[in-house]
Amino acid sequence: PVYKVAPDAKVLLLNWRTYSEWKKSLDDFAPLLLFEIMFMNTLCCAPGVLPWGALIHVIDPLVGGHIEKLLRSGGPPICQVYPVFTSLWHGMSNFRRIVQHW
């Protein structure tokens, strides 16, 4: 061990909880985590299966045509301006429009 070679070394102990404390923490946290994972997968991954992305064509003109302007002008870059509606569109179309070209 390092502390025998270097007696002045600081040793961090990672077992600061007992097993029963860890198990209680896991039991309290895991159901919420699993719910969040399933909810986000349904929200974010379902557009690849269901035709929810078609709603973008209906909603975009009603909210100012941001997606159409983005596609026609090519900007602003999404690393600089990334509103919620653009985020939804990006999540629905990135595999077809971006990832496919890699």
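## Surface and overall fold

The accessible surface of the protein chain amounts to about 9,000 Å², and 68% of this area belongs to carbon and sulfur atoms. Accessible areas were computed by the Shrake-Rupley method with a 1.4 Å probe, and for residues only the protein chains shown count as cover. The model is predicted, so local features need pLDDT of at least 70 and side-chain atom pairs count only at pLDDT 80 or more, while totals for chains, interfaces and linings use all residues. Residues are numbered from 1 along each chain as its sequence is written, and side-chain values use heavy atoms, with hydrogens and water left out.

The protein chain contains five helices and zero strands, in the sequence pattern α-α-α-α-α. Helices (H or I, at least four residues) and strands (E, at least two) are DSSP runs numbered from the N terminus. Of the 102 residues in the protein chain, 13% are buried. Buried means under 20% relative accessible area, exposed means over 50%, and partly exposed lies in between (1.4 Å probe, protein chains only). Among contacts (heavy atoms within 4.5 Å) between residues at least 6 apart in sequence, 29% join residues at least 24 apart.

Side chains of opposite charge can pair when their charged atoms come close. A salt bridge is counted when a side-chain nitrogen of Lys or Arg lies within 4 Å of a carboxyl oxygen of Asp or Glu. This rule gives three salt bridges.

One of them joins the side chains of lysine 23 and aspartate 27, with an N to O distance of 3.3 Å. Both residues belong to helix α2 (residues 19-45), where they are four residues apart, about one turn of the helix. Lysine 23 has 32% relative accessibility and is therefore partly exposed; aspartate 27, at 42%, is also partly exposed. Helix α2 also holds lysine 24 and aspartate 28, again four residues apart and about one turn of the helix. Their side chains form a salt bridge at 2.8 Å, N to O. Lysine 24 counts as exposed because its relative accessibility is 53%, whereas aspartate 28 is partly exposed at 46%.

Arginine 72 and glutamate 68 are joined by a side-chain salt bridge of 3.0 Å, N to O. Arginine 72 is exposed at 68% relative accessibility, while glutamate 68, at 39%, is partly exposed.

Rings of Phe, Tyr and Trp (its six-membered ring) are paired if their centres lie within 6.5 Å; planes under 30 degrees apart count as stacked, over 60 as edge-to-face and the rest as tilted. Tyrosine 19 and tryptophan 22 lie three residues apart in helix α2, about one turn of the helix. Tyrosine 19 is exposed, with a relative accessible area of 60%, and tryptophan 22 is partly exposed, at 37%.

The rings of phenylalanine 35 and phenylalanine 39 have centres 6.2 Å apart and planes at 20°, so the pair is stacked. Phenylalanine 35 and phenylalanine 39 are separated by about one helical turn because they lie four residues apart in helix α2. Phenylalanine 35 is exposed at 54% relative accessibility; phenylalanine 39 is partly exposed at 45%.

## Nonpolar surface patch

Trp52, Leu55, Val58, Ile59, Leu62 and Val63 make a nonpolar surface patch of about 570 Å². Patches are made of residues with over 30% relative accessible area and no salt bridge; like charges are joined within 9 Å, and nonpolar side chains (Val, Leu, Ile, Met, Phe, Trp, Tyr) within 5 Å. Valine 63 is located in the loop between α3 (54-62) and α4. With a relative accessible area of 39%, valine 63 is partly exposed.

## Cis peptide bond

The peptide bond from glycine 75 to proline 76 is cis, with omega near 5°. Proline 76 is part of the loop between α4 and α5 (84-97).
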